[in-house]
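Colleague: I am new to this structure and would like a close look at one part of it. Could you walk me through the aromatic rings and the packing around them?

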Amino acid sequence: MIRSLFKKICSCIAFVLLCNLFSYAQVSFKFNITANGKPLLLNDSSYTNGFNEAYQVTRLKYYISNILFKGDDVMLFNERVLLMDAGNTDSIVFPSSNGNYHSLDFTIGVDSALNCSGAQDEALDPLNGMFWTWNSGYIFFKLEGYSPASKADLGRIEHHVGGYRFPNNVARRITLPFPRKLEVKAGSKHTIIVNIDLDKYWKGISDIKIADQALLMTPGRLAIKAADNFQGMFSIKSIE
Amino acid sequence: MKIKVLISFFLFIAAALVFISATNDDGYGPYAPTPLKFVIPTGWPKPPTDIFAKNKLTEEGFQLGKKLFYDPRLSSDKEISCASCHQPFAGFATFDHDLSHGVLNTFTTRNAPALMNLAWMTAYHWDGGINHIEVQPLSPLTAPNEMGSALDTVLLFLKADTSYKRLFKKAFGDANITSQRMLKALAQFTGSLITANSKYDRVMNGRDSFSRFEANGYKHFKVHCASCHKEPLFTDNSFRNNGRPINRFKDNGRMMITGLAGDSLKFKVPSLRNVQYSYPYMHDGSIFSVPQVVDHYMKVTAAQPKGLDSNLGSPIKLTPLQKNELSYFLYTLTDTSFTKSKRFGPDGPVFFKH
């Protein structure tokens, strides 16, 4: 009874705050994924990686967390964990405080503590198919598809890149400087378009050949190789 | 003036909302949880982490977890419950089975461990691959050779069942059924499975005494076994190689999780409580009786195969009489108040597939 009363009062307060929010600045992100310079389409379209291996992508999901905006004298931090899905191109919206920002940092992956603190919900709900059941921990980056180069059954590609335990932790911090200073003023709205270049996933700091590693399902050396290519995949395409 | 009208209007709305929420009933009964206290048995260490820190232990949560544990309808063929493999009368292991039956005539590739004192562990399964008690059920629920289902299927089933809606409401405050709540409820049940009332415990607490046979066995135990099977839990929860050979599943144990060659054939040291009922033994159920286990240790410490744990570095030599004494000591770890517990046992008759 007291609890529900408290809840109601809280929601009233939240409502009032929310009304105020509309006068706040808003920054949203859009993540665009490309392969061979074209927007990635799931299922039907075929692409070629740097080793001349053709492939199709049926599923691409990854976690982004601890988003940080750095400015001259301001920092804006959001520790939320977001599950991104190439099949779903909605943008992420954050209320932002005023200031001049020059770069964006975020983690591909999930903080190690959240990998071993029991059952989680929302983006981290095991229902999202991003939690390993036999070797606890989240899959940080999941790419599935087919390739004639794959030696796995049915020509499958299954890359489940994850691992939170030392020395196999593959959470990677990505730093992206803005092409120009981002000035956030009261009431202003900005959209940052981040490009993810899948070509660089196969060929970056490490070489990931489908013929050699169509299946990547456990934390360890191969997962580290794949994760080392993350930084190179991301760039800021534009700020609107 | 206008402002005042506006304020009183908002206050009126707020008051109305409070009134409505207080009187509305969702039809799933009241929410009045009864908190439970997690009691550490006398003389036992504190658990290394508090598994209930973010999962408030309540009678209602425990009862929901228990219902889930005994419900075969969570499996794909509706025949296999957690309890099919973790049977109360076998100390929550599978009675008399080296490997357990999963759905559709499948078999597990490992022996079902006797579930007990899980709150003192920080890693679950023989290889320690599971890092928290709450996420453990994801493995049997989805494994094709265990319950063979999928998480969304299980949740759909629960959501369609009014009695589960009532139980979730009782345990968590509303009838919303989520994977997190289901897993937390299961952990309330499994984490409560404490066995600490064997003859051994009574002797330690000064309420009983060992026979001369058992007392001698206890001495042998302390010399040869207690370094790994540490009292009072009878495990130090470490991963060790006790000399079992590689089996037909090429099961490398801990190495499959850490990827380290040095962890090959290391398995989690199991507790020996209720060992009288939890046979067959070892990660693959390859030894069928306690005297045969002792034979294994005598043989393996004489042969000293590569990789054998250093705690087994010198030969264990026991006469036939001493072997019996050791076995009799191990049978003092039997706690029938646990294996026959009404609180932990099924509420009605259950059918176990063999």
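Modeller: Let's start with F89(B), which counts as partly exposed because its relative accessibility is 37%. Here buried means under 20% relative accessible area, exposed means over 50%, and partly exposed is in between, using a 1.4 Å probe and protein chains only. Please keep in mind that this is a predicted model, in which local features need pLDDT of at least 70 and side-chain atom pairs count only at pLDDT 80 or more, while totals for chains, interfaces and linings use all residues. Residues are numbered from 1 along each chain as its sequence is written, chains are lettered from A and ligands numbered from 1 in the order in which they are written, and side-chain values use heavy atoms, leaving out hydrogens and water. F95(B), with a relative accessible area of 30%, is partly exposed too.

Now for the rings themselves. Rings of Phe, Tyr and Trp (its six-membered ring) pair if their centres lie within 6.5 Å; planes under 30 degrees apart count as stacked, over 60 as edge-to-face, and the rest as tilted. Counted this way, there are 42 aromatic pairs over all chains. In one of them, F62(B) and F189(B) are tilted, with 5.4 Å from centre to centre and 55° between the planes. This pair links distant parts of the chain: F62(B) belongs to helix 2 (residues 59–69) of chain B and F189(B) to helix 7 (residues 179–190) of chain B, 127 residues apart. Both F62(B) and F189(B) are buried. F89(B) and F95(B) form another pair, which is edge-to-face because the planes stand at 65°, with the ring centres 6.0 Å apart.

Two rings also have a charged side chain over them, meaning that NZ of Lys or CZ of Arg is within 6 Å of the ring centre and within 35 degrees of the ring normal. R343(B) lies over the face of F62(B), 4.0 Å from the ring centre.

Helices (H or I, at least four residues) and strands (E, at least two) are DSSP runs, numbered from the N terminus. Chain B has 13 helices and two strands. Helix 7 of chain B has twelve residues and reaches 16 Å from its first C-alpha to its last, close to the 16 Å expected at 1.5 Å a residue; the expected span is 1.5 Å times one less than the number of residues. Twelve of its twelve residues are buried, making helix 7 of chain B mostly covered. Among them are M182(B), K184(B) and F189(B). The buried residues of helix 7 of chain B pack against helix 2, helix 4, helix 5 (151–159) and helix 6 (162–172) of chain B.

M182(B) leads us to a leucine. Leaving aside neighbours within four places in sequence, L158(B) is in contact (heavy atoms within 4.5 Å) with L68(B), L74(B), Y164(B), F168(B), I177(B) and M182(B). L158(B) is also one of the residues that touch the most other members of the largest nonpolar core, which holds 116 residues. Such a core is a set of buried Ala, Val, Leu, Ile, Met, Phe, Trp, Tyr and Cys residues joined through side-chain atoms within 4.5 Å. F31(A), L198(A) and Y201(A) are named alongside L158(B), and strand 4 (residues 54–71) of chain A gives the most to this core, with eight residues. A second, separate core of 26 residues includes F210(B), V290(B), Y297(B) and L312(B). In soluble globular proteins, nonpolar side chains tend to be buried together.

One more helix is worth a visit. Helix 12 (residues 320–331) of chain B also has twelve residues and reaches 17 Å from first C-alpha to last, close to the 16 Å expected. Its buried residues are E325(B), L326(B), S327(B), F329(B) and L330(B). They pack against helix 8 (199–204), helix 9 (212–224) and helix 11 (290–303) of chain B.

Stepping back, 51% of the 354 residues of chain B count as buried. Of the contacts in chain B with a separation of 6 or more, 68% come from residues 24 or more positions apart.
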